[in-house]
Amino acid sequence: MNKHINIIVMGECGGGKSSIVNLVANKDIALVGNGSGEVTVESTIYRDIGLECDYTTTITDTRGKSHKIIKENLTEQYNLMLFVINAGRVNKLVSDQIDFAKHLFGSIPIILVVTHCERYDSLNS
């Protein structure tokens, strides 16, 4: 039986979603920016990214915009969400965004990925 994992990567614009896609794929498949603006202008699906495991893996890199708009434009069924947030933007809003994503996509596991931590001495500042 062919097992399949379908991952969606979501989060704010400039958070590092495409960099996480490249990290998971272990190769440069997504165009990345410098964190200052939007690079991914539409959701991109990378099929069978070649992970060395017993599963075929598809990963969707989404645009950093409204989750509702993203959901309306995607027809895939997802097994896992990677929710990416820049460490400088961690706040109550993140909790609200994750709750909204859960509402749209159902009860799939969500992994919170905090990027750019090396830029901050403390996340409390």
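The following questions and answers walk through a predicted model of one protein chain.

Residues count from 1 along each chain as its sequence is written, and side-chain values use heavy atoms, with hydrogens and water left out. In this predicted model, local features need pLDDT of at least 70 and side-chain atom pairs count only at pLDDT 80 or more, while totals for chains, interfaces and linings use all residues.

Trainee: In what order do the elements of the protein chain run from the N terminus on?
Mentor: Helices (H or I, at least four residues) and strands (E, at least two) are DSSP runs, numbered from the N terminus. The chain has 3 helices and 5 strands. Their order is β-α-β-β-α-β-α-β.

Trainee: What percentage of the residues in the protein chain is buried?
Mentor: Buried means under 20% relative accessible area, exposed over 50%, partly exposed in between (1.4 Å probe, protein chains only). The chain has 125 residues. The buried share is 39%.

Trainee: Among contacts between residues at least 6 apart in sequence, what percentage joins residues at least 24 apart?
Mentor: Contact means heavy atoms within 4.5 Å. Of the contacts that span at least 6 places, those joining residues at least 24 apart make up 68%.

Trainee: Which residues of the largest nonpolar core touch the most other members?
Mentor: A nonpolar core is a set of buried Ala, Val, Leu, Ile, Met, Phe, Trp, Tyr and Cys residues joined through side-chain atoms within 4.5 Å. The largest one has 13 residues. Those that touch the most other members are I7, V9, V21, Y46, I59 and L82.

Trainee: What is I7 in contact with, leaving aside neighbours within four places in sequence?
Mentor: I7 is one of the core residues that touch the most other members. Its contacts beyond those neighbours are T57, T58, I59, T60, Y78, L80 and L82.

Trainee: Which elements are included in what covers the buried residues of helix 1?
Mentor: The buried residues of helix 1 are K17, S18, I20, V21, N22 and A25. Their cover includes strand 1, strand 2 (44-46), strand 3 (55-61), strand 4 and strand 5.

Trainee: Is N26 buried or exposed?
Mentor: N26 lies in the loop between helix 1 and strand 2. Just after the helix, N26 takes a positive phi of about 60°, and N26 is a residue other than glycine. At a relative accessible area of 70%, N26 is exposed.

Trainee: And H116, buried or exposed?
Mentor: H116 sits in the segment after strand 5. Its phi is positive, about 65°, although H116 is not a glycine. With 17% relative accessibility, H116 is buried.

Trainee: Which residues does T115 touch, not counting those up to four places away in sequence?
Mentor: T115 is in strand 5 (residues 110-115). T115 has a relative accessible area of 12%, so it counts as buried. Its partners are G15, I20, V84, I85, N86 and A87.

Trainee: How many Å apart in space are G11 and A101, C-alpha to C-alpha?
Mentor: G11 belongs to strand 1. At 4% relative accessibility, G11 is buried. G11 and A101 are 90 residues apart in sequence, and their C-alpha distance is 9.6 Å.

Trainee: How many Å apart in space are S107 and L80, C-alpha to C-alpha?
Mentor: S107 is in the loop between helix 3 and strand 5. S107 is exposed, with a relative accessible area of 78%. S107 and L80 are 27 residues apart in sequence, and their C-alpha distance is 9.4 Å.

Trainee: Where is V90 placed?
Mentor: V90 is partly exposed, at 43% relative accessible area. The place of V90 is the loop between strand 4 and helix 3 (92-105).

Trainee: How many disulfides does the structure hold?
Mentor: A disulfide is a pair of cysteine sulfur atoms within 2.5 Å. C13 is partly exposed, with a relative accessible area of 28%. C117 is partly exposed too, at 37%. The number of disulfides in the structure is 0.
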